[in-house]
Amino acid sequence: MFARSAVRALAAPSSRLFSSSAARSYKVAVLGAGGGIGQPLSLLLKSDPLVTSLSLYDIRGAPGVAADVSHVDTASEVKGYAADQLDKALEGVKVVVIPAGVPRKPGMSRDDLFNTNASIVRDLASAIARVAPAALILVISNPVNSTVPIVAGTLEKAGVFDPAHLFGVTTLDVVRSARFLSGIVGAQPSETPVTVVGGHSGPTIVPLLSQTSQGKNITGEEYSALVHRIQFGGDEVVKAKDGAGSATLSMAYAGAKFTNALLRGLSGEKGVITPTFVKSPLFADKGIDFFASNVELGTNGVEKIHPIGPISAEEEKLLEACLPELKKNIEKGKAFVA
Ligand SMILES: NC(=O)C1=CN([C@@H]2O[C@H](COP(=O)(O)OP(=O)(O)OC[C@H]3O[C@@H](n4cnc5c(N)ncnc54)[C@H](O)[C@@H]3O)[C@@H](O)[C@H]2O)C=CC1
Ligand SMILES: O=C([O-])CC(=O)C(=O)O
């Protein structure tokens, strides 16, 4: 994000986090903008040159966040909306990012958030279906394995579901994998990208280290420890925050990174490929119709869902453990909407 020269960094808001070769620009809404993720995410989106207009909504605090963020010296417009202004916040929006909902406390699983977050996400999806049915929707709220099917089901009921427009944001797993692997092999994280497939909770997070030149030689205990750290990176933060919530800053970074990738794809940039949790044919024969894998992002959102490719025997085992859990999470989300 920050260039080596401080002067250049201040003068040029575009950065490594936000690459942009495109001339188009977009109105983006953040629902849950007052929260731990929502605030830094709104700040980062204000710095993204592809975002022309930011619409910040929360049941509390969004106008204040908007006033604050609006002073950042990039050209985009920022408006904040109070609890009773959801429809207004969604007017004319191209992309909606949803970090609304409660986070974990120590001892909780992501699934323990279902009872609170399922209805929050459903109600927001209903409003999107009504006001901005063509918007692309990025779901951050946990449990992602269930909230994405809830949004899909809600849009389906309203007759406006477009599978190319709905994404579960699993970028934090990708960010963590690159960072943790880089630390082990002593390289830059940009040199250690890892494709992460499956879902977004514990054993459903499947990093494909064998597909990377830097990761494929990691074996034995070191391999097991790295996979465990990637799968349970969220717990590491929940524990360290000791009751004050879960990952917010790294998630805001990951959310802004994924949003920028999506906007670049929408703008016509070719070859924008990143893992994300989408309606997917890859394991549909096993009754699993949402799955994270590499997805090419294009002018209409999902352009192409890539197969997972060749994987190691260990990764076959990880996938075996992932699928039944993921299926259960997806079915729980579907049942909630049905
Ligand atoms: N996908 C991922 O990788 C990650 C997902 N998360 C999830 O993101 C969610 C948010 O986490 P935090 O920002 O830390 O929580 P937070 O509690 O700090 O913020 C949540 C915000 O949502 C707002 N909110 C609640 N109901 C709402 C509604 N109906 N409409 C609009 N806003 C509403 C709250 O007022 C609050 O400002 C959690 O579910 C958490 O588990 C967190 C980290 C990573
Ligand atoms: O762990 C949590 O609850 C938040 C999250 O999804 C993550 O940090 O990956």
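Analyst: Happy to! Buried means under 20% relative accessible area, exposed means over 50%, and partly exposed is in between, using a 1.4 Å probe and protein chains only. This is a predicted model, where local features need pLDDT of at least 70 and side-chain atom pairs count only at pLDDT 80 or more, while totals for chains, interfaces and linings use all residues. Residues are numbered from 1 along each chain as its sequence is written, chains are lettered from A and ligands numbered from 1 in the order in which they are written, and side-chain values use heavy atoms, with hydrogens and water left out.

User: Thanks! Is leucine 90 buried or exposed, and why?

Analyst: Leucine 90 counts as buried because its relative accessibility is 0%. You'll find leucine 90 in helix H4, residues 86–90. Helices here are DSSP runs (H or I, at least four residues) and strands are too (E, at least two), numbered from the N terminus.

User: Where is proline 143?

Analyst: Proline 143 belongs to the loop between strand E5 (136–139) and helix H6 (144–157). Proline 143 has a relative accessible area of 7%, so it is buried.

User: Switching topic: what surrounds ligand 2?

Analyst: The residues around ligand 2 are Arg104, Arg110, Asn142, Leu172, Arg176, His200, Gly234, Ser246 and Ala247. To be near a molecule, a residue needs one of its heavy atoms within 4 Å of it. By class, that shell has 2 nonpolar, 4 polar and 3 charged residues. Ala, Val, Leu, Ile, Met, Phe, Trp, Tyr, Cys and Pro count as nonpolar, Asp, Glu, Lys and Arg as charged, and the others, Gly among them, as polar.

User: Which side chains have polar atoms close to an oxygen atom of ligand 2?

Analyst: Among them is histidine 200, with a polar side-chain atom 2.6 Å from a ligand 2 oxygen. For arginine 176, a side-chain N or O atom is 2.7 Å from an oxygen of ligand 2, and for asparagine 142 the distance is 2.8 Å. On its own, ligand 2 has 260 Å² of accessible area, and the protein covers 95% of it. Such areas come from the Shrake-Rupley method with a 1.4 Å probe; for residues, only the protein chains shown count as cover.

User: Which atoms of glycine 36 and asparagine 117 approach ligand 1?

Analyst: For glycine 36, a backbone N or O atom lies 2.7 Å from an oxygen of ligand 1. For asparagine 117, a polar side-chain atom lies 3.1 Å from an oxygen of ligand 1. Taken alone, ligand 1 exposes 860 Å², and the protein buries 87% of that.

User: Last one: what does the side chain of asparagine 260 contact?

Analyst: The side chain of asparagine 260 makes a polar contact of 3.0 Å with that of aspartate 48. A polar contact is a pair of N or O atoms within 3.5 Å; within protein, one must be able to donate a hydrogen and the other to accept it, and residues adjacent in sequence count only if both atoms are side-chain atoms. Asparagine 260 is in helix H10, residues 249–266, and counts as buried because its relative accessibility is 0%.
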